[in-house]
Amino acid sequence: MKKFFTLVAAALTSLGAFAQAHCEWTAAQLPTTEFATVDDAVAAGYQTMWGYPQYLGMPAQNLIENDNIVVSLPLDYSYVSVGNSKYSGASEYAYKIIMGMNNSTRDGIDPLYFYEGVVNNDYVRSAGTSDQGNTINDAVIKIEVKSTNYGKVTLKYNRGGNNAAMYVVDQTANEGQGMMVLQTVTRCPDENIQTHTASFGVEPSHTYYIMASEKGSVELYGIEYDECTDDDYTLMASEENSTDLWTAAQLPTTVFATADEAVAAGYQTLWGYPQYLGMPAQNLVESENVVVSLPLDYSYISTGNSKYSGYTDYAYKLIMGMNNSTRSGIDPLYFYEGVVNNDYIRSAGTSDQGNTINDAVVKVEVPSTSTYGRVILNYNRGGNNSAMYVVDQTANSGQGKMVLQTVTRCPDDYVKTHTSIFNVEPGHTYYVMASEKGSVELYAIGFCATTSEKYAAVGGTSGIENVNVSNVTKVADNKVYSIDGRYVGNTTDNLSKGLYIMNGKKFVVK
């Protein structure tokens, strides 16, 4: 077992030595067929639970290790299971990494205070006690960015029809407490289960932890890493992967010749120049799935900077920025449209018509009659540090919940479009804002419902087919175990309400 993972790490290290820093781990690197017996699993280096080879614990180890990044399982023993045949990924992989937390609800968890091996490891759910006497924990993923370049991490996972959330914490961001980088909630209807995808930016020399909600023992299928110098770094919101889409191509396709022409078209102008405009509050996308709007008059539109990505694609772009002088200083959780703290929004200037032109804030409203879905953002600020923030304003009364804090940077000689992906819930309203550090240019925002086939266009299957999963099972002994691995007898009579395991199968006593 150890030799297998050493070979994988060596192969990835060789990959990182070339021009491309792209690397990935997928569940295909776990055993490709189910072990026939417990002895087979133990001989391969796993711990087993309840005397069955489909419930395993994998020792702490590196999943990816090269000069750019180390992705690891920092805790013994991480839970590996065949998962549930109902979920996406069931036919692609024999085993998957299982992730979950002890809190009984997604909203209750506070992974900011998780520190590996020090305190609050009780946030990590114990799957049970192994037959070898060790505790098997649901997995936590650790990411250490060794590269000197900024990059992007993409997660592929699922929990079928149950609510599930993925959390990412930047443990390097603040002294004594991490910074939440990603809180993304997903759900697929039972009849339309697909792989979920989320992506976020990572910084050089930072350490991140990835955790999953208790609501659903999330199955992890893959982790990808790309530096902004990689061809794979750019993932555009497009008609192929979005059911609803706005792009900067829907702004004027050529620069107005004069300020008078811009004003006649309904824009405000700054400093008497047609390349600096303010666009009235309006809907960018309006459908039964989602409403994407500019809620504030007048949102700043400009030709942008020729140095940045997107310059040749669009005549004008939406310009986004906040008043805080540093990314770390901003607190967009307290932003309320038209009520308080609009001073967080940077004023680009006073228009020639006497109105204030503000940097753009984008509002995303998912009707309660809609479905869960995914939002893709395409943006850039060239060689300057920039961050995109997304706040779920519906999550908590009186204060929003940060869904995304993603920091991005491209070297000056290699500017590319940045992409972030997060999930949205029906009946919720989100605000998308950008850091002051760099007047971020927004090129596109796409929404895709989990019910659409287009949802699989991002983060779908890896092309692995016809994996032979053994159907060999242990002879039934009718022993009953609690979900935490305690033997409770060989009959279901007089059991308390809860989840139990018998003959390798979970069942519920109501």
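Phe 35, Tyr 46 and Tyr 95 come together as one aromatic cluster in this predicted model. Because the model is predicted, local features need pLDDT of at least 70 and side-chain atom pairs count only at pLDDT 80 or more, while totals for chains, interfaces and linings use all residues. Residues are numbered from 1 along each chain as its sequence is written, and side-chain values use heavy atoms, with hydrogens and water left out.

The structure holds eleven aromatic pairs (rings of Phe, Tyr and Trp, the last by its six-membered ring, with centres within 6.5 Å; planes under 30 degrees apart are stacked, over 60 edge-to-face and the rest tilted). One of them joins Phe 35 and Tyr 95: the ring centres are 6.1 Å apart and the planes meet at 40 degrees, so this pair is tilted. Phe 35 sits in the loop between β1 (23-26) and α2 (38-43), and Tyr 95, 60 residues apart from it, in the loop between β6 (78-81) and β7 (96-99) (helices are DSSP runs of H or I with at least four residues, strands runs of E with at least two, numbered from the N terminus). Phe 35 is buried at 14% relative accessible area, and Tyr 95 is buried too, at 0% (buried is under 20%, exposed over 50% and partly exposed in between, with a 1.4 Å probe and protein chains only).

As for cysteines, a search of the whole structure turns up zero disulfides (pairs of cysteine sulfur atoms within 2.5 Å). The sulfur of Cys 410 has its closest cysteine sulfur in Cys 228, but at 3.5 Å that is too far for a bond. Cys 410 is buried, at 0% relative accessibility.
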